[in-house]
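Colleague: Before I use this model, could we go through its sheet and helices together, with the cut-offs stated?

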Amino acid sequence: MTRTSAALGMCFPRTFPAALVTDVARRLDAGGADELWLIEDCFYTAGPSLVSAALAVTERLTCGLGIAPAVARTAAMTAMEFATLDALAPGRFLPGIGHGVQAWMGQMGVRPKSPLTALEEVTTAVTRLLAGEKVTMKGDYVVLDEVQLDAPPVEPPPILLGVQGPKSMALAGRVGGGVVLAEPASPSYVRASIEQAGSPEGFVVAVFSAFCVRGDRKTAYEWTAPWLAERIEQQHPGLRPMPFYDDLVKLHADKGAEGLVEMPQDWWQEIGPIGTLDDAAAHIEALEAAGAHHIGLFPDPEVEHGLPQLDYVLELANR
(Lines give C-alpha, C1' and ligand atoms only; values in the text may rest on other atoms or scores of the structure.)
Protein backbone atom coordinates (compact mmCIF):
# COMPACT_ATOMS: atom_id res chain seq x y z
CA MET A 1 0.00 0.00 0.00
CA THR A 2 1.50 3.35 -1.06
CA ARG A 3 0.59 6.70 0.45
CA THR A 4 -0.72 9.36 -1.88
CA SER A 5 -0.94 13.08 -1.26
CA ALA A 6 -1.58 13.74 2.45
CA ALA A 7 1.30 14.95 4.62
CA LEU A 8 1.95 12.47 7.44
CA GLY A 9 3.52 13.14 10.79
CA MET A 10 3.21 12.84 14.55
CA CYS A 11 1.60 14.82 17.35
CA PHE A 12 3.61 15.89 20.41
CA PRO A 13 1.24 15.22 23.33
CA ARG A 14 0.85 17.89 25.97
CA THR A 15 2.20 15.48 28.58
CA PHE A 16 5.56 15.00 26.83
CA PRO A 17 8.35 17.00 28.53
CA ALA A 18 9.17 20.12 26.54
CA ALA A 19 12.85 19.20 26.36
CA LEU A 20 11.98 16.19 24.19
CA VAL A 21 10.66 18.30 21.34
CA THR A 22 14.02 18.92 19.64
CA ASP A 23 14.93 15.24 19.61
CA VAL A 24 11.51 14.22 18.32
CA ALA A 25 11.62 16.90 15.62
CA ARG A 26 15.10 15.91 14.48
CA ARG A 27 14.17 12.22 14.28
CA LEU A 28 11.06 12.94 12.24
CA ASP A 29 12.94 15.34 9.97
CA ALA A 30 15.81 12.93 9.32
CA GLY A 31 13.55 9.89 9.06
CA GLY A 32 11.31 11.16 6.28
CA ALA A 33 8.13 12.21 8.09
CA ASP A 34 6.40 15.34 6.82
CA GLU A 35 5.15 17.04 9.97
CA LEU A 36 5.15 17.49 13.71
CA TRP A 37 2.05 18.87 15.42
CA LEU A 38 2.62 20.67 18.71
CA ILE A 39 -0.26 20.57 21.17
CA GLU A 40 -1.18 23.59 23.31
CA ASP A 41 -3.56 22.81 26.16
CA CYS A 42 -3.99 24.77 29.36
CA PHE A 43 -2.00 24.51 31.57
CA TYR A 44 0.72 22.43 30.02
CA THR A 45 3.40 23.56 27.55
CA ALA A 46 3.05 26.61 25.30
CA GLY A 47 2.52 25.80 21.63
CA PRO A 48 4.42 28.64 19.93
CA SER A 49 7.51 27.95 22.04
CA LEU A 50 7.48 24.29 21.04
CA VAL A 51 6.94 25.17 17.38
CA SER A 52 9.86 27.59 17.49
CA ALA A 53 12.17 24.97 19.00
CA ALA A 54 11.14 22.33 16.46
CA LEU A 55 11.56 24.64 13.47
CA ALA A 56 14.98 25.76 14.66
CA VAL A 57 16.47 22.25 14.64
CA THR A 58 14.93 20.96 11.38
CA GLU A 59 15.37 21.66 7.70
CA ARG A 60 12.27 20.33 5.97
CA LEU A 61 9.72 19.39 8.66
CA THR A 62 6.43 21.29 8.72
CA CYS A 63 5.33 22.21 12.26
CA GLY A 64 1.69 22.70 13.09
CA LEU A 65 0.20 24.44 16.13
CA GLY A 66 -2.88 22.72 17.41
CA ILE A 67 -4.32 24.89 18.71
CA ALA A 68 -3.98 28.42 20.15
CA PRO A 69 -7.14 29.40 22.09
CA ALA A 70 -8.59 32.48 20.42
CA VAL A 71 -8.97 34.60 23.55
CA ALA A 72 -5.87 33.51 25.48
CA ARG A 73 -3.81 36.12 23.62
CA THR A 74 -4.91 39.30 21.90
CA ALA A 75 -5.41 39.01 18.16
CA ALA A 76 -2.44 41.29 17.49
CA MET A 77 -0.13 39.20 19.67
CA THR A 78 -1.34 36.01 18.02
CA ALA A 79 -0.61 37.51 14.60
CA MET A 80 2.87 38.54 15.79
CA GLU A 81 3.54 35.01 17.04
CA PHE A 82 2.40 33.48 13.76
CA ALA A 83 4.35 35.93 11.60
CA THR A 84 7.51 35.32 13.63
CA LEU A 85 7.19 31.54 13.39
CA ASP A 86 6.64 31.76 9.65
CA ALA A 87 9.72 33.98 9.33
CA LEU A 88 11.84 31.38 11.13
CA ALA A 89 10.98 28.80 8.48
CA PRO A 90 8.89 30.17 5.60
CA GLY A 91 6.31 27.71 4.38
CA ARG A 92 6.93 25.26 7.23
CA PHE A 93 4.46 26.56 9.83
CA LEU A 94 0.74 25.73 10.02
CA PRO A 95 -1.16 27.78 12.62
CA GLY A 96 -4.32 26.67 14.35
CA ILE A 97 -6.79 28.72 16.40
CA GLY A 98 -9.76 27.36 18.33
CA HIS A 99 -12.32 28.14 21.00
CA GLY A 100 -10.22 26.53 23.70
CA VAL A 101 -11.86 24.55 26.49
CA GLN A 102 -14.31 27.03 27.98
CA ALA A 103 -13.70 25.89 31.55
CA TRP A 104 -10.01 26.71 31.08
CA MET A 105 -10.88 30.09 29.60
CA GLY A 106 -12.98 30.73 32.69
CA GLN A 107 -10.08 29.87 34.96
CA MET A 108 -8.07 32.60 33.25
CA GLY A 109 -10.87 35.15 33.33
CA VAL A 110 -11.21 35.37 29.54
CA ARG A 111 -14.23 33.16 28.84
CA PRO A 112 -16.29 34.89 26.13
CA LYS A 113 -20.06 35.12 26.27
CA SER A 114 -20.10 34.08 22.62
CA PRO A 115 -17.23 31.74 21.69
CA LEU A 116 -18.38 31.80 18.06
CA THR A 117 -18.23 35.58 17.82
CA ALA A 118 -14.86 35.67 19.57
CA LEU A 119 -13.38 33.08 17.23
CA GLU A 120 -14.74 34.84 14.14
CA GLU A 121 -13.36 38.22 15.19
CA VAL A 122 -9.94 36.83 16.14
CA THR A 123 -9.63 34.74 12.98
CA THR A 124 -10.63 37.65 10.78
CA ALA A 125 -8.21 40.02 12.50
CA VAL A 126 -5.27 37.61 12.44
CA THR A 127 -5.89 36.75 8.78
CA ARG A 128 -5.94 40.40 7.79
CA LEU A 129 -2.83 41.21 9.82
CA LEU A 130 -0.90 38.31 8.31
CA ALA A 131 -1.92 39.60 4.88
CA GLY A 132 -0.12 42.85 5.69
CA GLU A 133 -3.21 45.02 6.12
CA LYS A 134 -3.49 47.97 8.48
CA VAL A 135 -6.43 46.88 10.61
CA THR A 136 -8.93 48.90 12.60
CA MET A 137 -11.67 46.89 14.31
CA LYS A 138 -14.17 47.57 17.07
CA GLY A 139 -15.72 44.22 17.81
CA ASP A 140 -17.00 42.58 20.95
CA TYR A 141 -13.66 40.84 21.55
CA VAL A 142 -11.16 42.43 19.17
CA VAL A 143 -10.33 46.12 19.26
CA LEU A 144 -7.54 47.33 16.97
CA ASP A 145 -6.57 50.89 16.07
CA GLU A 146 -4.54 51.04 12.86
CA VAL A 147 -2.49 47.97 13.75
CA GLN A 148 -0.12 46.66 11.08
CA LEU A 149 2.63 44.06 11.28
CA ASP A 150 6.09 45.31 10.46
CA ALA A 151 7.04 42.05 8.73
CA PRO A 152 4.03 40.02 7.64
CA PRO A 153 4.63 36.70 5.87
CA VAL A 154 5.37 36.88 2.15
CA GLU A 155 2.93 33.99 1.69
CA PRO A 156 0.60 33.86 4.71
CA PRO A 157 -0.20 30.33 5.93
CA PRO A 158 -3.84 29.25 6.12
CA ILE A 159 -5.45 29.73 9.53
CA LEU A 160 -6.87 26.36 10.54
CA LEU A 161 -9.67 26.36 13.08
CA GLY A 162 -9.70 23.68 15.76
CA VAL A 163 -13.45 23.27 16.08
CA GLN A 164 -16.04 20.52 16.42
CA GLY A 165 -19.72 21.48 16.20
CA PRO A 166 -21.65 22.23 12.99
CA LYS A 167 -21.94 25.97 13.69
CA SER A 168 -18.20 26.20 14.26
CA MET A 169 -17.51 24.15 11.14
CA ALA A 170 -19.66 26.55 9.14
CA LEU A 171 -17.65 29.41 10.66
CA ALA A 172 -14.41 27.72 9.59
CA GLY A 173 -15.73 27.51 6.06
CA ARG A 174 -16.57 31.24 6.07
CA VAL A 175 -13.51 32.81 7.69
CA GLY A 176 -10.86 30.11 8.12
CA GLY A 177 -8.44 28.48 5.76
CA GLY A 178 -9.34 25.01 7.02
CA VAL A 179 -9.88 22.91 10.12
CA VAL A 180 -7.97 20.83 12.63
CA LEU A 181 -10.06 17.82 13.68
CA ALA A 182 -9.23 16.33 17.07
CA GLU A 183 -8.97 12.62 17.59
CA PRO A 184 -10.86 10.44 16.87
CA ALA A 185 -11.01 11.87 13.36
CA SER A 186 -12.47 9.11 11.23
CA PRO A 187 -12.91 9.29 7.46
CA SER A 188 -16.65 9.71 8.12
CA TYR A 189 -15.91 12.70 10.36
CA VAL A 190 -13.66 14.24 7.72
CA ARG A 191 -16.38 14.02 5.08
CA ALA A 192 -19.05 15.38 7.44
CA SER A 193 -16.84 18.28 8.52
CA ILE A 194 -16.06 19.33 4.96
CA GLU A 195 -19.78 19.26 4.18
CA GLN A 196 -20.63 21.30 7.30
CA ALA A 197 -17.99 23.84 6.31
CA GLY A 198 -19.70 24.26 2.96
CA SER A 199 -16.96 22.54 0.94
CA PRO A 200 -15.13 25.81 0.16
CA GLU A 201 -12.42 25.78 -2.47
CA GLY A 202 -8.90 25.34 -1.10
CA PHE A 203 -10.17 24.29 2.33
CA VAL A 204 -7.36 22.57 4.25
CA VAL A 205 -8.20 19.61 6.50
CA ALA A 206 -5.79 18.47 9.20
CA VAL A 207 -6.66 15.53 11.43
CA PHE A 208 -5.30 14.07 14.63
CA SER A 209 -5.60 10.27 14.70
CA ALA A 210 -5.32 8.19 17.87
CA PHE A 211 -2.39 5.94 17.03
CA CYS A 212 -1.63 2.54 18.50
CA VAL A 213 0.39 -0.08 16.61
CA ARG A 214 1.21 -3.37 18.28
CA GLY A 215 2.38 -6.78 17.13
CA ASP A 216 -1.19 -8.07 16.99
CA ARG A 217 -4.60 -6.46 16.74
CA LYS A 218 -6.04 -7.64 20.03
CA THR A 219 -3.19 -6.11 22.02
CA ALA A 220 -3.69 -2.78 20.25
CA TYR A 221 -7.45 -2.95 20.80
CA GLU A 222 -7.02 -3.75 24.50
CA TRP A 223 -4.67 -0.80 24.86
CA THR A 224 -7.02 1.63 23.10
CA ALA A 225 -10.42 0.48 24.39
CA PRO A 226 -10.39 2.52 27.64
CA TRP A 227 -9.60 5.68 25.68
CA LEU A 228 -12.40 4.93 23.22
CA ALA A 229 -14.82 4.26 26.09
CA GLU A 230 -14.12 7.75 27.45
CA ARG A 231 -14.82 9.30 24.05
CA ILE A 232 -18.12 7.41 23.81
CA GLU A 233 -19.12 8.62 27.28
CA GLN A 234 -18.25 12.17 26.24
CA GLN A 235 -20.33 11.78 23.06
CA HIS A 236 -17.38 13.05 21.07
CA PRO A 237 -18.57 14.59 17.79
CA GLY A 238 -15.87 12.73 15.90
CA LEU A 239 -17.69 9.46 16.55
CA ARG A 240 -21.21 10.47 15.59
CA PRO A 241 -20.84 10.47 11.77
CA MET A 242 -19.69 6.84 11.77
CA PRO A 243 -22.34 4.53 10.27
CA PHE A 244 -22.21 2.16 13.25
CA TYR A 245 -22.32 4.86 15.95
CA ASP A 246 -25.59 3.74 17.55
CA ASP A 247 -24.42 0.14 17.67
CA LEU A 248 -21.10 1.27 19.15
CA VAL A 249 -22.86 3.18 21.93
CA LYS A 250 -25.07 0.18 22.68
CA LEU A 251 -22.10 -2.18 22.77
CA HIS A 252 -20.33 0.06 25.26
CA ALA A 253 -23.46 0.42 27.38
CA ASP A 254 -23.92 -3.36 27.49
CA LYS A 255 -20.32 -4.56 27.86
CA GLY A 256 -18.15 -1.56 28.71
CA ALA A 257 -14.57 -1.09 27.53
CA GLU A 258 -13.97 -4.83 27.60
CA GLY A 259 -16.70 -5.34 25.03
CA LEU A 260 -15.12 -2.80 22.68
CA VAL A 261 -12.05 -5.02 22.33
CA GLU A 262 -14.16 -7.60 20.53
CA MET A 263 -15.93 -5.27 18.11
CA PRO A 264 -15.48 -5.84 14.37
CA GLN A 265 -12.14 -5.03 12.79
CA ASP A 266 -13.75 -2.67 10.28
CA TRP A 267 -15.09 -0.59 13.18
CA TRP A 268 -11.60 -0.19 14.59
CA GLN A 269 -10.33 0.53 11.08
CA GLU A 270 -12.75 3.45 10.82
CA ILE A 271 -11.94 4.86 14.27
CA GLY A 272 -8.19 5.18 13.91
CA PRO A 273 -4.78 3.82 12.88
CA ILE A 274 -5.09 1.11 15.50
CA GLY A 275 -3.91 -2.49 15.20
CA THR A 276 -1.06 -3.66 13.01
CA LEU A 277 1.11 -1.46 10.82
CA ASP A 278 -0.94 -2.53 7.80
CA ASP A 279 -4.15 -1.57 9.62
CA ALA A 280 -2.71 1.86 10.31
CA ALA A 281 -1.70 2.28 6.67
CA ALA A 282 -5.21 1.37 5.53
CA HIS A 283 -6.74 3.95 7.88
CA ILE A 284 -4.37 6.63 6.59
CA GLU A 285 -5.33 5.78 3.01
CA ALA A 286 -9.02 6.10 3.94
CA LEU A 287 -8.41 9.52 5.53
CA GLU A 288 -6.69 10.70 2.37
CA ALA A 289 -9.57 9.45 0.24
CA ALA A 290 -12.03 11.30 2.50
CA GLY A 291 -10.21 14.60 1.95
CA ALA A 292 -7.57 14.93 4.69
CA HIS A 293 -4.48 16.93 3.71
CA HIS A 294 -2.49 16.63 6.95
CA ILE A 295 -2.49 13.62 9.29
CA GLY A 296 -0.95 13.81 12.73
CA LEU A 297 -0.64 10.41 14.39
CA PHE A 298 -1.37 10.90 18.09
CA PRO A 299 0.55 8.44 20.29
CA ASP A 300 -0.10 7.39 23.87
CA PRO A 301 0.28 10.43 26.17
CA GLU A 302 2.67 8.57 28.48
CA VAL A 303 6.21 9.04 27.18
CA GLU A 304 7.36 5.47 27.88
CA HIS A 305 4.52 4.12 25.73
CA GLY A 306 4.02 6.94 23.22
CA LEU A 307 7.57 7.76 22.20
CA PRO A 308 8.36 4.27 20.82
CA GLN A 309 5.47 4.77 18.37
CA LEU A 310 7.69 7.29 16.54
CA ASP A 311 9.45 4.41 14.80
CA TYR A 312 6.11 3.25 13.39
CA VAL A 313 5.34 6.79 12.24
CA LEU A 314 8.54 6.76 10.23
CA GLU A 315 7.79 3.33 8.77
CA LEU A 316 4.40 4.58 7.60
CA ALA A 317 5.90 7.82 6.26
CA ASN A 318 8.30 5.86 4.09
CA ARG A 319 5.83 3.42 2.59
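Modeller: Gln-309 is buried, with a relative accessible area of 4%, where buried means under 20% relative accessible area, exposed over 50% and partly exposed in between, for a 1.4 Å probe and protein chains only. This is a predicted model, in which local features need pLDDT of at least 70 and side-chain atom pairs count only at pLDDT 80 or more, while totals for chains, interfaces and linings use all residues. Residues are numbered from 1 along each chain as its sequence is written, and side-chain values use heavy atoms, with hydrogens and water left out.

Colleague: Leaving aside its neighbours within four places in sequence, which residues is Gln-309 in contact with?

Modeller: Gln-309 lies in helix H13, residues 309-317, helices being DSSP runs of H or I with at least four residues and strands runs of E with at least two, numbered from the N terminus. Contact means heavy atoms within 4.5 Å. Beyond the neighbours within four places in sequence, the partners of Gln-309 are Phe-211, Cys-212, Val-213, Arg-214 and Pro-299.

Colleague: Which strands stand at the edges of the open sheet of 10 strands?

Modeller: The order of this open sheet is S4-S6-S9-S10-S11-S14-S1-S2-S3-S5, with parallel pairing, and two strands pair if DSSP finds at least two bridges between them. Each edge strand has a single partner strand, so one side of each is left without a neighbour in the sheet. The edge strands are S4 (68-69) and S5 (93-94).

Colleague: What angle does the direction of H13 make with that of S1?

Modeller: Strand S1 (residues 7-12) pairs with strand S14 (residues 294-298) in the parallel sense over four bridges, and Met-10 has Leu-297 in S14 as its bridge partner. H13 packs on the sheet, touching S1 and S14. With axes as lines fitted to C-alpha atoms, for helices over the stretch in contact, and angles running from 0 to 180 degrees between N-to-C directions, the angle between H13 and S1 is about 170 degrees.
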